[in-house]
Amino acid sequence: MANPCLASSVTLMSSSEPILELGEYLTALEATGIAQVLLAGGHITQALQQVNTARRDRAKELMSEAGLGHADVDRSVAILQAITGAKAAQRGLTPVWTMPGNEADIGHLTGQFHHLVGAARQSITCATYNFQTTSKMWTVLKEASEQPGVVVVIYVDGEKADAAKVKAQIPKATIYRSAALPNGKRVVSHAKFVIIDHAVLLLTSANFSYSAENLNIEFGLRIHDPSLAASVESTMTSKHGTLYELV
């Protein structure tokens, strides 16, 4: 189903279904990048370099079906900018619960972030205090890391989680563990979140474990806010070499 915010934006210029599909498919960064290349006089082939290789053919197909490209720059850029604006406005906030049995009837079960990870198109950045082999994330992240064009970065606590084992299980992912301070004590990394495609942020009290995902009462928030997601990723990256060490 097309996003209402996106639909209301693009239908001002066209009611074409391919445009709505394109808007659902592209990320805000991709739409902005394509528009910038077209504005600079670039060919559509050059513009589509803004989309990762694994997704480029589908983006090209939707652009063609919508009649967008270098032949009609003004219309194409206007629609791409509308897509970017609509994506930026999608800042929905959803409560996320895990409870034993079928008790979690408000919001989405925490286990649904497995679906979000599996649907990632560009990137997954996640952090957990404990990462147990009983967690479904053990296999979901491995499968995601093997998808073309999907970059997976995982942060774990250096004492509680076995970072070397995580790296062995998910070799294509980049793994960081909390580092040791000058006094010899290791930093405690208690942050727990998942970021999908630099846009969707899931903050949760749950560790990556079977108990947390199925048996405990856990609560979190699912937030669609690219700016917030980018801020969290940037903060984590800035701590490489100080608070986190590469495995």
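Me: Which residue in E6 is the bridge partner of alanine 127?
Reply: Phenylalanine 193 is the bridge partner of alanine 127. Keep in mind that this is a predicted model. E3 and E6 run antiparallel and are joined by four bridges.
Me: And how do E6 and E7 run, and how many bridges join them?
Reply: Antiparallel, with four bridges joining E6 to E7.
Me: Which way do the E6 residues point?
Reply: Phe193 and Ile195 point one way, Val194 and Ile196 point the other way, and all of them are buried.
Me: OK, on to the core. Which residues touch the most other members in the largest nonpolar core?
Reply: Val117, Ile124, Phe131, Leu141, Ile154 and Val194, out of 28 residues in that core. The elements giving two or more residues to this core include helix H7 (113-118), strand E3 (123-128), strand E4 (151-156) and strand E6 (193-196). H8 supplies the largest share of this core, five residues.
Me: What about leucine 22, is it buried or exposed?
Reply: Leucine 22 is buried, because its relative accessible area is 0%. It lies in helix H2 (residues 17-25). Leaving aside neighbours within four places in sequence, leucine 22 is in contact with Ala59, Leu62, Met63, Leu68 and Ile83. The C-alpha atoms of leucine 22 and methionine 63 are separated by 7.0 Å, with the two residues 41 apart along the chain.
Me: Switching to rings: how many aromatic pairs does the structure hold?
Reply: Five aromatic pairs. One of them is phenylalanine 131 with tryptophan 138, edge-to-face at 5.2 Å centre to centre and 90° between the planes. Both phenylalanine 131 and tryptophan 138 are buried. Ring pairs also link Phe131, Trp138 and Phe208 into a cluster.
Me: What do the planes of tyrosine 155 and tyrosine 244 look like as an aromatic pair?
Reply: That pair is edge-to-face, with 70° between the planes and 4.9 Å centre to centre. It links distant parts of the chain: tyrosine 155 is in strand E4 and tyrosine 244 is in strand E9 (residues 244-246), 89 residues apart.
Me: Why does tyrosine 244 count as buried?
Reply: Because its relative accessibility is 8%, and buried means under 20%. Tyrosine 155 counts as buried too, at 2% relative accessibility.

Technical notes: Residues are numbered from 1 along each chain as its sequence is written. This is a predicted model: local features need pLDDT of at least 70, side-chain atom pairs count only at pLDDT 80 or more; totals for chains, interfaces and linings use all residues. Side-chain values use heavy atoms; hydrogens and water are left out. A nonpolar core is a set of buried Ala, Val, Leu, Ile, Met, Phe, Trp, Tyr and Cys residues joined through side-chain atoms within 4.5 Å. Buried means under 20% relative accessible area, exposed over 50%, partly exposed in between (1.4 Å probe, protein chains only). Contact means heavy atoms within 4.5 Å. Two strands pair if DSSP finds at least two bridges between them. Rings of Phe, Tyr and Trp (its six-membered ring) pair if their centres lie within 6.5 Å; planes under 30 degrees apart count as stacked, over 60 as edge-to-face and the rest as tilted.
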